Amino acid sequence: MSVTLNDEPLLNVSGLTKYYGGRIGCQDVVFQLWPGEVLAIVGESGSGKTTLLNCLSTRLPPSTGVIEYRMRDGSMRNLYQLSEAERRFLMRTDWGFVHQHAADGLRMTVSAGANVGERLMAVGDRHYGKIRATAADWLGRVEISEDRIDDDPRSFSGGMRQRLQIARNLVTKPRLVFMDEPTGGLDVSVQARLLDLLRQLVADMGLAVIIVTHDLAVARLLSHRIMVMKDGLVIESGLTDQVLDDPREPYTQLLVSSILQV
Ligand SMILES: Nc1ncnc2c1ncn2[C@@H]1O[C@H](COP(=O)(O)OP(=O)(O)OP(=O)(O)O)[C@@H](O)[C@H]1O
């Protein structure tokens with residue numbers, strides 16, 4: 001997989017640490033993310049993946065450390081020094097967050113079209129006809145038949161709900177999308193189709209993505225770079241193919257050999 005690197009990072013993370021009381025969530029995480037780059041965070045349950053993702057996406061304030069983000073105007077801003085209005089604006093426009101459980105990222109009692117259209121209204125679109133047409137177009141892009149536009153997601157299958165959540169997140173053309181086990185809990189055949197779709201959309205739109213997964217096959221398919229976590233620490237990182245084909249750390253070797261027969 002190739003990635004076009006701009007010469008400025010999108011995200012600059014240094015010394016990121018989160019404690020829960022005396023327990024370590026994640027510790028001293030350092031990395032940069034470039035525009036259009038897909039980074040997978042992998043590791044066993046309890047290794048700190050979700051903690052890190054939540055800190056990065058401003059859902060969970062870190063104990064120490066700095067996360068800087070390159071805003072659309074080019075300025076580099078410390079995420080935890082943004083005003084609440086700035087942070088919300090970022091989350092509604094420039095960022096997406098795809099939850100493992102679609103119900104956490106969708107409004108289950110409003111129509112599929114409204115789920116997508118709502119994000120457009122949040123960025124200032126007011127023209128009903130245009131919003132509906134864009135929503136219909138996005139339903140098509142995530143392979144949901146247009147005649148389901150007025151149905152609410154409660155009547156959708158798990159895979160359809162997840163695709164709708166993706167449409168809702170991508171309709172505003174974000175620059176950075178966080179994903180938390182986006183294919184978790186789905187049937188294997190549904191997972192494969194969803195992964196394929198995600199890979200295409202991410203490449204077409206040139207999205208930067210930070211994806212948490214315990215599934216190395218997902219990381220292999222989607223990501224350019226990978227960070228392996230254990231007990232809250234990043235113990236190995238590098239290009240995905242390099243790390244998975246030739247893991248340096250015994251722990252990564254074990255993960256590769258036990259979780260995924262590559
Ligand atoms: N709200 C919390 N309060 C206290 N400890 C927590 C809390 N959330 C996570 N932890 C602890 O922080 C560590 C990292 O947990 P985290 O959920 O980030 O791991 P994970 O890799 O995402 O696991 P999983 O794949 O099971 O979601 C674990 O030791 C966990 O018990």
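**Before selecting anything**

Residues are numbered from 1 along each chain as its sequence is written. The model is predicted, and local features need pLDDT of at least 70, side-chain atom pairs count only at pLDDT 80 or more, while totals for chains, interfaces and linings use all residues. Helices (H or I, at least four residues) and strands (E, at least two) are DSSP runs numbered from the N terminus.

**Stop 1: residues 11–256**

Select residues 11–256, where UniProt, in an unreviewed entry, places the feature "domain: ABC transporter"; UniProt positions are given in the numbering used here, feature names are shortened, and annotations may be inferred rather than shown by experiment. The end C-alpha atoms of this span lie 28 Å apart, and the span is 40% helix and 26% strand.

**Stop 2**

Next, colour the six strands that form an open sheet in the order 6-7-8-3-9-10, with mixed pairing; two strands pair if DSSP finds at least two bridges between them. Its edges are strand 6 (95–98) and strand 10 (233–239), each of which pairs on one side only. On average, neighbouring strands of this sheet are turned by 15° against each other, direction ignored, where the axes are lines fitted to C-alpha atoms, for helices over the stretch in contact, and angles run from 0 to 180 degrees between N-to-C directions.

Begin at strand 6, which pairs with strand 7 (residues 176–180) in the parallel sense over four bridges, and show W95 together with its bridge partner in strand 7, L176.

Then select strand 3 and strand 9, which run parallel and are joined by four bridges; V42 has V228 in strand 9 as its bridge partner. Strand 9 and strand 10, by contrast, run antiparallel and are joined by six bridges, with M229 standing opposite V234 in strand 10. These two strands form a hairpin with two residues between them, and D231 in the turn has a positive phi of about 50°.

**Stop 3**

Which residues of strand 7 are buried on each side? L176, F178 and D180 are buried on one side, and V177 and M179 on the other, so that both faces are covered; a residue is buried if 20 or more other C-beta atoms lie within 10 Å of its own, exposed if 12 or fewer, and partly exposed in between, with C-beta atoms placed from the backbone.

Now step to E181, in the loop between strand 7 and helix 7 (188–205). With 20 C-beta neighbours inside 10 Å, E181 counts as buried, and its phi is near 45°, a positive value in a residue other than glycine. Most residues other than glycine have a negative phi.

**Stop 4: helix 1**

Select helix 1 (residues 49–56), which lies across strand 3 (38–42), strand 7, strand 8 (208–212) and strand 9 (225–230), running at about 150° to strand 8; residues are in contact if their C-beta atoms, placed from the backbone, lie within 7 Å. Helix 1 is largely enclosed by the rest of the structure, because seven of its eight residues are buried, namely K49, T51, L52, L53, N54, C55 and L56. Following helix 1 is T58, whose phi is positive, near 60°.

**Stop 5: the shell around the ligand**

Show the ligand with the residues that surround it, Y20, R23, G25, G43, S45, G46, S47, G48, K49, T50, T51 and H214; a residue is near a molecule or strand if its C-beta atom, placed from the backbone, lies within 6 Å of it. Strand 2 (23–33) and helix 1 are the elements that give two or more residues to this shell, and helix 1 gives the most, with three. By class, the shell has one nonpolar, nine polar and two charged residues, where Ala, Val, Leu, Ile, Met, Phe, Trp, Tyr, Cys and Pro count as nonpolar, Asp, Glu, Lys and Arg as charged, and the others, Gly among them, as polar.

**Stop 6**

Finish with D28, found in strand 2, whose phi is near 50°, a positive value in a residue other than glycine. D28 counts as partly exposed, with 14 C-beta neighbours inside 10 Å. P35 lies in the loop between strand 2 and strand 3 and, with 19 C-beta neighbours inside 10 Å, also counts as partly exposed.

Note on methods:
Contact = placed C-beta atoms within 7 Å.
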